[in-house]
Amino acid sequence: MAILLDSASVDDAAAAAALGFVHGITTNPALMARETTEPLAHLGRLLAAFPGGPICYQPTRTTYAQMNDEARAAAALAPERVVAKLPATLDAIKLAAALTDDGIRCALTAVYSPAQALLAHETGCVWIIPYVDRAARHADGGLTVVDSLAAILARLQSGTRILAASLKSAPQVVDAILHGAHDVTAPLEVLRSLPAHPLTESAVREFAAAWPEA
Ligand code: E4P
């Protein structure tokens, strides 16, 4: 299992690196737009702020040619670390096949159906990224989507992994794993909340009270 940070903030990236349990970063064009008008230069800053592990970069433009140029430029910045994150459309799946052939790792994002997972498997994507909380707000149901993706990838004995995203709380992170996600990505505040439990906190207060400051 791997835990990733879902953010394009350089401060968040540095804070996540310091946590010691964060494996990499996912960004998306909306997160990027909050931080910068120069996404590729900003990717360079994220790579520096988070010194090891994958960074999933999603092109900000949407035609095949634009996504192709931007994904290749992003991957060229750090070929071992950048994963091209592409939405699960027909054009982007065609692009994932071409990039994978050229040795660029790809992830299919905004995944909501087993048919999309099938194509991620066929094109050699390293991850599919279902949006759990967004799905929960629609008829599909959030974790039902993860169930069906896990079932089809298991049936295919696929090397493609499920990276659950759009996770808004610690219980949602745990549920995603229990329903078959291999990995998770979440905002910094959700990652920081993972160990929180009132009984842990009261135990810590009790231990501290046993050793008052002199
Ligand atoms: C995943 O990589 C996305 O950045 C993200 O999790 C999308 O979902 P959200 O906007 O609901 O958080």
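Reply: This is a predicted model, and the questions below take up its ligand and then several residues in turn.

Me: Which residues surround the ligand, and what kind of space does the ligand take?

Reply: The residues around the ligand include D6, T26, N28, L31, K85 and Y131. R134, R137, A165, S166 and K168 also belong to this group. The space that the ligand takes is the largest pocket.

Me: How far from an oxygen atom of the ligand is a polar side-chain atom of K85?

Reply: A polar contact needs a pair of N or O atoms within 3.5 Å. K85 has a polar side-chain atom whose distance from a ligand oxygen is 3.2 Å.

Me: How far from a ligand oxygen atom are polar side-chain atoms of R134 and S166, and what share of the ligand's accessible area does the protein cover?

Reply: For R134, the distance from a polar side-chain atom to an oxygen of the ligand is 2.7 Å. For S166, the distance is also given as 2.7 Å.

Me: Is S166 buried or exposed, and what is its phi?

Reply: S166 lies in the loop between β7 and α9. Its relative accessible area is 9%, and buried means under 20%, so S166 is buried. Most residues other than glycine have a negative phi. S166 is not a glycine, yet its phi is positive, at about 55°.

Me: Where is Q157, is Q157 buried or exposed, and what is its phi near?

Reply: Q157 sits in the loop between α8 and β7. Exposed means over 50%, and Q157 has 75% relative accessibility, so Q157 counts as exposed. Q157 is a residue other than glycine with a positive phi, near 50°.

Me: Why does P87 count as partly exposed?

Reply: P87 belongs to strand β4, residues 82-87. Buried means under 20% and exposed means over 50%, with partly exposed in between. P87 falls in between because its relative accessible area is 22%.

Me: Which residues does P87 touch, and how far apart in space are P87 and A107?

Reply: Residues up to four places away in sequence are not counted here. The residues that P87 then touches are Q58, M67, A92, L108 and T109. P87 and A107 are 20 residues apart in sequence, and their C-alpha atoms are separated by 8.4 Å.

Me: Is N68 buried or exposed, and with which residues is N68 in contact?

Reply: N68 is part of helix α4, which runs over residues 64-77. Its relative accessibility is 17%, which is under 20%, so N68 counts as buried. Leaving aside neighbours within four places in sequence, N68 has contacts with L95 and L99.

Me: Is R61 buried or exposed, and which residues are in contact with R61?

Reply: R61 is located in the loop between β3 and α4. Its relative accessibility is 52%, which is over 50%, so R61 counts as exposed. With neighbours within four places in sequence left aside, the contacts of R61 are Q66, M67 and E70.

Me: Is H42 buried or exposed, and what does H42 contact?

Reply: H42 lies in helix α3, residues 39-49. H42 is buried because its relative accessible area is 4%. Apart from neighbours within four places in sequence, H42 is in contact with A8, V10, M32, E35 and T36.

Me: What is the relative accessibility of A16, and which residues does A16 touch?

Reply: A16 is in helix α1, which covers residues 10-19. A16 counts as buried because its relative accessibility is 0%. Beyond residues up to four places away in sequence, A16 touches L5, V22, F50 and L188.

Notes. Residues numbered from 1 in each chain as written. Predicted model: local features only at pLDDT ≥ 70, side-chain atom pairs only at ≥ 80, totals over all residues. Heavy atoms only, no water. Helix = DSSP H or I, 4+ residues; strand = E, 2+ residues; numbered from the N terminus. Buried < 20%, exposed > 50% of the residue type's maximum accessible area, 1.4 Å probe, protein only. Contact = heavy atoms within 4.5 Å. Near = heavy atom within 4 Å. Polar contact = N/O pair within 3.5 Å; in protein donor to acceptor, adjacent residues only side chain to side chain. 1 Å grid on protein atoms, 1.4 Å probe; cavity = no way out; pocket = protein on both sides within 12 Å on 5 of 7 lines; lining within 4 Å. Sits in = over half its atoms within 2 Å of the grid points.
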